[in-house]
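Work through these exercises with the structure open beside you. Try each task before you read its solution.

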Amino acid sequence: VSDLIIDGNTIHSNKSGMNLEGVGSADRPAIISNNIVYGHVYWAGIAVEENSYAIIGDNNEIYGNEAGISNTSSDQQCCGEVTIRNNHIHSNTQGGIALSSPILGPWSITGNEIESNDWGGIYMDLSGSYNPCEVPEPSPIEIVDNDIHDNGYGGIHTSGGAAPTVTIRGNKVYRNGSGGVQGGGIDVRHASATVENNLVYRNHLRGIRVGDNATAVINNTVIYSGYNNTKGGGIIYTDQTDDVVTDPPSGAPLNPFPIKNNIIAGSYKAGIRACFYTTELYRNYNLLYWNNQDFLAGLCGDCASPDCSAGDRRDKKRCVGAQLGRGCEGDDTYCCSAPGASGPLPGETLIFAAPLFENVGADDYRLQAGSPAIGAGEGGVDLGCYGGDYPIDW
């Protein structure tokens, strides 16, 4: 089907709102815009199946469905290309955008407000076998400039299956995870993920969590991870791939990847917990402030000021180590065990200072003039989501 336009409709209370299968073409995609789609409790508001080329946007209101937008749950998703942009996707029981089975055509998710969905804002479980197709492996998924908040299981998360190639850039991801289970802002342990220039704050468990397939974690601002919880680190690597995500992270990256130019503050546990057993500086130029403070005060004694400046030399060293995932005497909780991995690496540039945000109470995490994060990154860029190659600008 080409020249398909579905515009300005109210569609509700069916098994599925729209099923798109074999629609559009690369140069003439189907256009789905300005619709209200709600109350489809047995499947998705909009379901996209094989060989479909579609732009879902602008200005669709998608709510109260089992899933807001989903691809097929069977092993059919072959080829095609889908763009989801500038929609309001909320209050769906199994995810705002739920991607299951392999994706063999690129998907772009940009400019959406995705909120208050039970299973998560964007949920990816790309297990299953692949159909014969011109594309031999899963195509990239781009998640860019979305407002993702107050989702029950987490903001953006993966679960099992194949390792999708995902770019996560310029998103605001906040107050997710109160429903437990995944519980984080961005948890993409299973993905080949580039995570850059995101503002991630006040999520119930971890801020950003990646695994062995990660490619980069750069220029993110990660604040108050573990908000209203007793777990949760800022930027976390783990070798765990199962769904028991409340266990302490473990392991070291098989293939080191850059963790650079980030600001991490106020995490209940470690600011950065990524044990690189190498002297090559993949982890560098990060600002850490007031992470793991309850742990330090309760288990290590009153040794920590927020910037690790108080106490004697041993106290300061212990404070720095705790912000990087190190325990104190007799306690290896969130601890990197390899020599040298639990503290700064040789030559690693770390800044322990207040980042001087504009207004933390109003969740305005732009940098004030005079912030130590200005110009402090690799190559002289600003640290955090407002600096680097892709500064967040909305």
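A residue counts as buried when its relative accessible area is under 20%, as exposed when it is over 50%, and as partly exposed in between. Keep in mind that this is a predicted model.

**Exercise 1. Describe the protein chain as a whole.**

Step 1. Take the secondary structure. The protein chain has two helices and 35 strands.

Step 2. Turn to burial. The chain has 394 residues, and 56% of them count as buried.

Step 3. Check the contacts. Take those between residues at least 6 apart in sequence: 71% of them join residues at least 24 apart.

**Exercise 2. Classify two of the eight aromatic pairs in the structure.**

Step 1. Start with Tyr38 and Tyr63. Their ring centres are 5.1 Å apart and their planes meet at 5°, so this pair is stacked.

Step 2. Tyr38 lies in strand S5 and Tyr63 in strand S8 (residues 61-63), so the pair ties together parts 25 residues apart in sequence.

Step 3. Tyr38 has 24% relative accessibility, so it is partly exposed. Tyr63 has 27%, so it is partly exposed too.

Step 4. Now take Trp119 and Tyr123. The distance is 6.1 Å centre to centre, with 75° between the planes. This pair is edge-to-face.

Step 5. Trp119 has a relative accessible area of 30% and is partly exposed. Tyr123, at 15%, counts as buried.

**Exercise 3. Which residues do ring pairs link into a cluster, and which charged ends sit over rings?**

Step 1. Name the cluster. Ring pairs link Tyr174, Tyr201, Phe357 and Tyr365.

Step 2. Find the arginine. The charged end of Arg169 sits over the ring of Tyr390, 3.9 Å from the ring centre.

Step 3. Find the lysine. The charged end of Lys172 sits over the ring of Trp394, 4.4 Å from the ring centre.

Technical notes:
Residues numbered from 1 in each chain as written. Predicted model: local features only at pLDDT ≥ 70, side-chain atom pairs only at ≥ 80, totals over all residues. Heavy atoms only, no water. Helix = DSSP H or I, 4+ residues; strand = E, 2+ residues; numbered from the N terminus. Buried < 20%, exposed > 50% of the residue type's maximum accessible area, 1.4 Å probe, protein only. Contact = heavy atoms within 4.5 Å. Phe/Tyr/Trp six-rings, centres within 6.5 Å; stacked < 30°, edge-to-face > 60°. Lys NZ or Arg CZ within 6 Å of the ring centre and 35° of its normal.
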